Amino acid sequence: MIRLERRASPAPWAAGAVPVVAILAGLAAGAGLFALAGVSPLAAYAGLLSDPFGSVFGWSETTVKAIPLILTGLAVLLPARMRLWNIGAEGQLQCGAIAATWVALWTPLGRTAGAVPALLVAGMAAGAVWCLVPAALRAWLAVNETITTLLMNYIAVLLVSFLIYGSWKDPQSLGFPLSPPFPAASRLWVLLPGTRVHAGLLLALAASAAVWLILARTRWGFEIRVIGDNPQAARYAGISLARNIVLTMGLAGALAGLAGAGEASAIAGRLQQGLSPGYGYTGIIVAWLARLNPLGAVLVAFLLGALFLGGDGLQISLGLPIAVVNMLQGLVFFCVLGGEALAGYRLVLGRGRVAAPGPALQEPP
Amino acid sequence: MFALAVLAAAVRAGTPVLLATLGELFAERSGILNLGVEGMMLVGALAGFVATVQTGNPWLGALAAGAAGGGLSLIHAVLCITLRANQVASGLALTIFGTGLSAALGRKFVGVPASGFPPEPVPGLARIPVLGAVLFQHDPLVYLSYLLVPAAWFALYRTRWGLEVRAVGEHPEAADAAGTSVAGVRYVCVAIGGVLAGLGGAFLSTAYTGMWIENMTAGRGWIAVALVIFATWDPLRAAAGAYLFGGVNALQLNLQAAGARLPVYLLLMTPYVFTILVLVFATRETARKRLGAPAALSVPYTRSG
């Protein structure tokens, strides 16, 4: 009989092996579901893998998808370091896109050389403001931020619809809900000619380094870590919880807002629906898979970016909805959670008798 | 007449949320937070719709939806109860998975019409002035939800099993010492949550709209999670919260239909804004009256401590 037995500490191989095994196991579990959806799993996985890794263009497009994912991943992991769940990165991203569109189309700045910096800053500000609503409710009224950040997503998406079906609708769009296109001066610069890789990549990498620096090397980061490790101790040490909630969530919202401004300015060149196929929600998985490490988030963002690109391909070749990507991400997330837990156990072959825990059962050092 | 129509619509709009809220209430009472309600509702909505279309029997649809929701909830149960994983993370994974799964499997059913539950006025009761029109001219799932509210209250407060559920949620060590299976009670409660969320989804697709649309729950699962807090984990207050939500939803839909000079997309925001406000109010109330969450909520239980 096979039994599970608790380890004294998680297995040493776990840190590296769990994410890799989990991603493989999650994708394997997806095969059955593809079959259920009436799609050959083989064709599905061929499509998922060939697009992102099959060509230089594929690699560049994976990078394009990784840019917003790095930022939304950071927007989730920074508050998570102090045990706050920001699952509103999707809405913060949408607000960033709205503000960037406003600067590009409805201010004189949109056609000047200062347009790009201005719209990026506006996007960050809007994302921050959107996140500060739940942050303030949490800081001063103790309202559960998990639910409020999420509900704000629905409001933000409706706000985008309100604008592009209403006063921001392009009169020349033949009835499609789109804003007019951004003027050339408001388009974020392309880094590599011939691809869509844009300057947002440098900003996302800089943001990741900055978040790492803040957490590892500043007094603010120290306070965040103390709160995360032991909120009681933080209070006794005189660390202001409310101040840290507001600052951390504000920065998180700004990062997600930057992602939205980048998507509107570099990729779509206008405000439209479907600007994000769920980058904000995927940020949760980026943060968790990276074990809340801002540098690790970059790596994970590239992996999940490839998945989104593969999903785009499946949409075209097999007519599958982009939501398939969510399905696979959910499976991977399950496997990661299960894998992390199992790494705390070992399989034991033997009789079903309950062994007394004690030093005798521990492996020699 | 307008008021009666809005009230009847409020009951219908509140029903799916009521079912999901009651289910989540049981899970949380046993100490397990399940943020996967939205995903379970969506998969339930699809399963119920597909089974109804293929068998022509909405009752089989409801059965399939409950089974789908319950089955999905077991993933959460295994991860959180047996493997002691983080409950917030596992619930989010469940919502992300359920959203994707229902969209992927449901693509062939978009635009397919279904003959779901027809309204069946309750003989006698339907003719009561005002109340009859508001409460008793609906479909059977609405009546089922009426019965579930007092049943949930009775089960929680007047049965031995309910006592065990509350004990496991408040003080699992004590419940364990008293001979209650903490994991067993929690599995059952999480499964009840899944079944009821699935039923709530099926109500949306087979009775409320009669069609399947990707993401058709539109946040109702999250609203249910918020309403559990508003309800202070009490089934009777859960019903009040769900119908309040239904009222706001019905009012904005009726204003849209009446051609009010308010932009549609701003009207559509009102249920979410309302839920946030309700959450603020409820948080202040619970703090003032010291009606906290179950003490062991979202804390994994390990016997050795």
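Is Glu340(A) buried, partly exposed or exposed, and what is its relative accessibility? In this predicted model, Glu340(A) has a relative accessibility of 24% and counts as partly exposed. The side chain of Glu340(A) forms a salt bridge with that of Arg291(A), with an N to O distance of 3.8 Å. This pair connects distant parts of the chain, 49 residues apart: Glu340(A) lies in helix 13 (residues 323-342) of chain A, and Arg291(A) in the loop between helix 11 (279-289) and helix 12. Arg291(A) is likewise partly exposed, at 43% relative accessible area.

Across all chains, nine salt bridges were found in a search of the whole structure. Among them is the contact between Lys65(A) and Asp312(A), with 2.7 Å from N to O. Here helix 3 (residues 56-80) of chain A, which holds Lys65(A), is joined to helix 12 (residues 294-317), which holds Asp312(A); the two residues are 247 residues apart. Lys65(A) has a relative accessibility of 9%, and because buried means under 20%, Lys65(A) counts as buried. Asp312(A), at 25%, is partly exposed.

In chain B, the side chains of Asp139(B) and Arg12(B) meet in a salt bridge at 3.0 Å, N to O. Asp139(B) is located in the loop between helix 5 (131-135) and helix 6 (140-158), whereas Arg12(B) belongs to helix 1 (residues 2-29), and 127 residues separate the pair. Asp139(B) is buried, with a relative accessibility of 2%, while Arg12(B) is partly exposed, with a relative accessible area of 22%.

Chain A also contains a network of salt bridges that links Arg219(A), Glu223(A) and Arg243(A).

Notes
Residues numbered from 1 in each chain as written. Chains lettered and ligands numbered in written order. Predicted model: local features only at pLDDT ≥ 70, side-chain atom pairs only at ≥ 80, totals over all residues. Heavy atoms only, no water. Salt bridge = Lys/Arg side-chain N within 4 Å of Asp/Glu carboxyl O. Helix = DSSP H or I, 4+ residues; strand = E, 2+ residues; numbered from the N terminus. Buried < 20%, exposed > 50% of the residue type's maximum accessible area, 1.4 Å probe, protein only.
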